[in-house]
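Here is a short briefing on a predicted model.

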Amino acid sequence: MTSQQLQLILGMAIVTYIPRLLPMLVLSNRSVPDKISKWMSFIPVSIFAALIFSDIFFWEGQFNVDPINNIKLIPSVIVFFVAYKTKNLLWSMVLGISAITLMVYVF
């Protein structure tokens with residue numbers, strides 16, 4: 001590894017870390033209004049939804065909502081309802097993996 005690569009990695013680490021550190025330092029001794037706190041509680045869910053929705057609805061490079069041609073839709077619906085009803089991550093993962101495995105072997 002050259003010194004230029006090491007400098008690049010360290011620079012990227014610092015640039016990535018500063019946006020996470022600054023809000024913690026600024027907001028650590030202050031109370032946040034309830035509306036902002038409630039709004040911030042939705043950020044992880046929103047990010048997760050944005051990450052998985054594109055993977056679910058895009059099949060073979062195209063937007064596809066046909067459950068016959070897009071084998072990810074049916075397992076996704078199953079996982080959504082299991083997660084909603086049980087709020088259990090383990091059951092959601094087990095059923096999701098089982099459902100997608102079954103769909104891959106069936107279709």
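K87 sits in the loop that joins α4 (73-86) to α5 (89-106). Helices (H or I, at least four residues) and strands (E, at least two) are DSSP runs, numbered from the N terminus. This is a predicted model: local features need pLDDT of at least 70, side-chain atom pairs count only at pLDDT 80 or more, and totals for chains, interfaces and linings use all residues. Residues are numbered from 1 along each chain as its sequence is written, and side-chain values use heavy atoms, without hydrogens and water.

**Loop residue**
- K87 is not a glycine, yet its phi is positive, about 50°.
- Most residues other than glycine have a negative phi.
- K87 counts as exposed because its relative accessibility is 67% (buried is under 20% relative accessible area, exposed over 50%, partly exposed in between; 1.4 Å probe, protein chains only).

**Salt bridge**
- The count is one salt bridge (a side-chain nitrogen of Lys or Arg within 4 Å of a carboxyl oxygen of Asp or Glu).
- D55 and K72 form a salt bridge through their side chains, at 3.2 Å from N to O.
- The pair links distant parts of the chain, 17 residues apart: D55 is in helix α3, and K72 is in the loop between β2 (62-63) and α4.
- D55 is partly exposed, at 47% relative accessible area.
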